[in-house]
Amino acid sequence: MNRMEALIERRAETRQKTASVRAERILEDARKHGVEMRIIGSLAKRSFHLHSDVDLLVSGPVDPARRLFIERLVADHMRGTDIPYDLIFEADMTADRVQELLDGCV
């Protein structure tokens with residue numbers, strides 16, 4: 001492994017650790033507020049890379065005020081990380097699409 005590859009690997013590891021810590025804090029804070037949420041995608045599958053984003057799936061129905069609260073909660077936790085995220089609401093999708101997202105999650 002050359003120096004550039006080593007640098008890229010270290011950055012990816014640091015980014016993955018940051019993403020994991022922030023995502024876990026989001027889940028904890030969400031639970032405190034009665035929001036059921038889970039990590040999906042590359043972070044859940046342990047295939048998070050240098051250019052990956054954090055994917056979060058919110059379960060159950062949410063009214064507009066609750067949706068705004070959840071969006072702010074996630075944005076507050078991810079602020080300053082330079083890691084993009086996708087906030088996905090189960091209520092916006094078909095049951096089949098939700099299952100596709102959940103397949104392969106750890």
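Select Asp63 and Ala65, at the start of helix H3. A side-chain oxygen of Asp63 comes to within 3.1 Å of the backbone nitrogen of Ala65. That is a polar contact: a pair of N or O atoms within 3.5 Å, where, within protein, one must be able to donate a hydrogen and the other to accept it, and residues adjacent in sequence count only if both atoms are side-chain atoms. This is a predicted model, in which local features need pLDDT of at least 70, side-chain atom pairs count only at pLDDT 80 or more, and totals for chains, interfaces and linings use all residues. Numbering runs from 1 along each chain as its sequence is written, and side-chain values use heavy atoms, with hydrogens and water left out.

**Along H3**

Now select residues 64-78, which form H3. Helices (H or I, at least four residues) and strands (E, at least two) are DSSP runs, numbered from the N terminus. H3 has 15 residues and spans 21 Å from first C-alpha to last, close to the expected 21 Å. The expected span is 1.5 Å times one less than the number of residues.

Colour the buried residues of H3: Ile70, Leu73, Val74, Ala75, His77 and Met78. Buried means under 20% relative accessible area, exposed over 50%, and partly exposed in between (1.4 Å probe, protein chains only). Their cover includes helix H1 (3-32) and strands E1 (37-40), E2 (54-58) and E3 (85-89).

**H1 against H3**

Show H1 beside H3. Their axes come within 9 Å and cross at roughly 145 degrees. Axes here are lines fitted to C-alpha atoms, for helices over the stretch in contact, with angles from 0 to 180 degrees between N-to-C directions. From H1, pick Arg22, Arg25, Ile26, Asp29 and Ala30; from H3, pick Leu73, Val74, His77 and Met78. These residues make the contact, defined as heavy atoms within 4.5 Å. They divide into five nonpolar, one polar and three charged. In this scheme Ala, Val, Leu, Ile, Met, Phe, Trp, Tyr, Cys and Pro are nonpolar, Asp, Glu, Lys and Arg are charged, and the others, Gly among them, are polar.

Centre on Ala30, in H1. Is Ala30 buried or exposed? Ala30 counts as buried because its relative accessibility is 0%. Leaving aside neighbours within four places in sequence, Ala30 is in contact with Val35, Met37 and Leu73. Draw a C-alpha to C-alpha distance from Ala30 to Val74: 8.7 Å in space, across 44 residues in sequence.

**Out of H3, towards E3**

Return to H3 and step past its end. Gly80 follows the helix, with a positive phi near 85 degrees. Next comes Thr81, in the loop between H3 and E3. Thr81 has 14% relative accessibility, so it counts as buried. The Thr81 side chain reaches the backbone oxygen of Met78 at 2.7 Å. A polar atom of the Thr81 side chain also lies 3.1 Å from the backbone nitrogen of Ile83.

Select Asp82, in the loop between H3 and E3. Its phi is near 60 degrees, positive in a residue other than glycine. Asp82 counts as exposed because its relative accessibility is 74%.

**Last stop: Arg46**

Jump to Arg46, in the loop between helix H2 (41-44) and E2. What is its phi? Arg46 has a positive value of about 60 degrees, although it is not a glycine. At 66% relative accessibility, Arg46 counts as exposed.
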